[in-house]
Amino acid sequence: MSSTPFLRRVVLRNYKSIAACDVSLSALTYLVGANGSGKSNFLDALHLVRDALTGSLGNAINERGGLNEVRRRSAGHPTHFGIRLEFTLRTGQPGWYAFEVGALTNGAFEVRKEECVLTGVGKGPFFRLERDKPVQTSESTFPVVTRDRLALVSASGLEVFRPVYDGLTAMGFYNLNPKLIRELQKPQDGRLLKPAGENVASVIGHLEQSSPESIRLIQEYLHAVVPMVHGVERKAVGPMESLSFRQDMAGVKHPWHFLAQNMSDGTLRALGVLVALFQKNVDFAPSVIGIEEPETALHPAAAAALREALKRAADQTQVIVTSHSPDLLDDFDVAPEALLAVASSGGQTNIAPLDEASRDSMREHLFSAGELLRLNQLEPDQKSVESQNARGRQSDLFGGGGD
């Protein structure tokens, strides 16, 4: 797998159900927990960063129901939330990006603090702002910013910070919707698959021209997951577009062609997952791919092929997956370091590495991760949870890291 995942560490404060989270990520990370435990909230925090940088912070928050739906609800009524992402750029340069958003009156908000550091303060480019005012920066001039927008958007016009912006906006997050994949689609930008798969035909068309190898992998794994399907291609339908599948039919020598409207939810969702995983091409390379429950609507027998596709994709792009499927994790090659256990207690989400007993049993091949999940034995390490919560009360999101 890739030895240098883009995101090395994620720190969250008061984001939805997550009071405090401080975890390291691998090239392939499984977030494992029951429905409603808060797995999706972790991915959504990363997705908010991308949305806020490609659009605006206000739109990103409003699309999630407003600030009161984004910041954690509790007896203490936190008035802010914060996110810190530590990363390694494609050049090998380490750094971190962090911001804290605070509440104002009448549902308004402001960016209270924001920080971007490459290599370390004093060692490379950096900026630190408080309420839209630069406090420290390595640059002789810094663009004007406002409190309701992230400064990195403006700072991306400076050459030294552009790679950070490019890396964070190249993250893709997916909860594939077969209904949208099935419908006729308008031709769209096909460089990056959209979150529900609503431009999958354009992505397939783009890959057909720019990355035949990616198309081959998608076709190969789709056949492994759905053996009756032998291929898929973009199909123009007047001014719209769809997907055409080649599928075996009983008593017929050659496969028949079916448009997406005639395919099952499981087949369409599997295709969306595979396109998300293998969409790298000469024009675009995602930095992170996050997928919600890729096993949904698939037959358990397809789990091995899906697991292999996830591993294959992680050789090129960092992959983060949420799951509660024992079948997907039923493999001794899934290392304990690749799993983060997610659990909810009193309405608060805890995310941490597996407890020591589970890690030992997996290392000794006594149980696979899938077997432990069937036994309800995949739990967050309690010492790690207590340490995260203590740091959440005692420290902020800024400084440290590569200093």
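Predicted model: local features only at pLDDT ≥ 70, side-chain atom pairs only at ≥ 80, totals over all residues.
By buried I mean under 20% relative accessible area, with exposed being over 50% and partly exposed in between, using a 1.4 Å probe and protein chains only.

Residues are numbered from 1 along each chain as its sequence is written, and side-chain values use heavy atoms, with hydrogens and water left out.

Now, the sheet. It is open, has six strands and mixed pairing, and the order is β9-β13-β14-β3-β15-β16. At the edges stand β9 (171-174) and β16 (348-353), and each has a single partner strand, so one side of each lacks a neighbour in the sheet. From one strand to the next, the twist averages 15 degrees, where axes are lines fitted to C-alpha atoms, for helices over the stretch in contact, and angles run from 0 to 180 degrees between N-to-C directions. Strands here are DSSP runs of E with at least two residues, helices are runs of H or I with at least four, and both are numbered from the N terminus. Two strands pair if DSSP finds at least two bridges between them.

Which strands does β14 pair with? One is β3 (residues 28-32), joined to β14 (residues 318-323) in the parallel sense over five bridges. Along that pairing, T29 stands opposite I320, Y30 stands opposite V321, and V32 has S323 as its bridge partner. Another is β13 (residues 288-292), which runs parallel to β14 and is joined to it by five bridges; there, G290 has I320 as its bridge partner.

There is a helix in this story too. β13, helix α10 (residues 303-313) and β14 make a right-handed β-α-β unit; right-handed means that, with the strands pointing away from the viewer, the path from the first strand over the helix to the second runs clockwise.

Finally, back to β3. L28, Y30 and V32 point one way, T29 and L31 the other way, and all are buried. β3 also pairs with β15 (residues 339-345), in the parallel sense over three bridges, and Y30 stands opposite L339 there. Thanks, everyone!
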